[in-house]
Amino acid sequence: MTSDIQNDVLNMAQDVIVLTTGGTIEKSYDEYDGSLENKDSIIKHIILQKLRMPYTKLHVHSILSKDSLNMTDFDRAMVTKSLKVQLEKGWPIIVLHGTDTMAKTAEHCFEEIKNVTSPIVFTGAMKPMGFDDSDARQNVTEAILASKLLKPGVYISFHNRVFAVPGVRKNRDKKTFEAY
């Protein structure tokens with residue numbers, strides 16, 4: 001009898017929140033004018049629907065649709081406020097963010113959220129998800145898994161590595177993130 005209950009618990013889908021803010025990971029190509037822009041979040045249609053995750057239930061919420069170079073302190077405060085609201089659910093949280101200021105936003109959240117009760121994992125991509133050689137699918141998949149395994153805290157997950165915040169920066173030469 002006990003093993004049946006344990007199996008039911010192990011087979012239940014775990015809820016994970018995905019907050020989108022824009023950035024390269026969500027840029028879409030406009031064939032009309034040849035531009036790459038953040039318009040609406042396309043994360044559900046291009047990545048999440050294609051992942052096979054029978055043990056994960058994703059709840060996607062779009063906060064912003066901005067290139068991170070254009071993010072302001074007001075935008076970072078909005079991300080922080082959204083995280084505080086979502087933390088009340090007790091589920092792991094993924095934040096999709098542009099790489100140029102991801103570490104700055106993650107550190108802001110680390111400083112402003114005094115009682116982090118779930119893992120908060122920031123990730124993004126160096127190339128938009130619509131490109132064949134994009135790192136978006138890998139980074140999102142790894143961030144989802146990391147969020148389910150990490151203890152409460154603020155992290156950046158990128159290119160098969162997880163970094164605790166603060167102490168993370170983008171290395172533009174290597175086109176990835178590193179601890180410092």
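Helices (DSSP runs of H or I, at least four residues) and strands (runs of E, at least two) are numbered from the N terminus. The model on screen is predicted: local features need pLDDT of at least 70, side-chain atom pairs count only at pLDDT 80 or more, and totals for chains, interfaces and linings use all residues. Residues are numbered from 1 along each chain as its sequence is written, and side-chain values use heavy atoms, with hydrogens and water left out.

**Stop 1: the sheet.** Select the six strands that form an open sheet, in the order β4-β1-β5-β6-β7-β8 with mixed pairing. Two strands pair if DSSP finds at least two bridges between them. At the edges are β4 (56-66) and β8 (161-164), each pairing on one side only. On average, neighbouring strands of this sheet are turned by 25° against each other, direction ignored.

**Stop 2: the helices.** Select residues 73-87, helix α3, which lies across β1 (14-22), β4, β5 (93-96) and β6. Helix α3 runs at about 160° to β4; axes are lines fitted to C-alpha atoms, for helices over the stretch in contact, and angles run from 0 to 180 degrees between N-to-C directions. Next select residues 136-149, helix α5, which packs on the sheet and touches β1, β4, β5, β6, β7 and β8. Contact means heavy atoms within 4.5 Å. The direction of α5 makes about 170° with that of β6.

**Stop 3: strand β7.** Select residues 153-158 together with β6 (residues 119-123); the two strands pair in the parallel sense over four bridges. Val-121 has Tyr-155 as its bridge partner in β7, and Phe-122 stands opposite Ile-156. In a regular strand the side chains alternate between the two faces of the sheet. In β7, Gly-153, Tyr-155 and Ser-157 are on one side and Val-154, Ile-156 and Phe-158 on the other, all buried. Buried means under 20% relative accessible area, exposed over 50%, and partly exposed in between (1.4 Å probe, protein chains only). Because six of its six residues are buried, β7 is largely enclosed by the rest of the structure.

**Stop 4: the hairpin.** Ile-156 stands opposite Phe-163 in β8. Two residues lie between the strands of this hairpin, where His-159 takes a positive phi near 50°.

**Stop 5: Ile-25.** Select Ile-25, in the loop between β1 and β2 (28-30). Ile-25 counts as buried because its relative accessibility is 0%. Not counting residues up to four places away in sequence, Ile-25 touches Leu-96, Gly-124, Ala-125, Met-129, Ala-136 and Val-140. Its C-alpha atom is separated by 9.1 Å from that of Arg-137, 112 residues apart along the chain.
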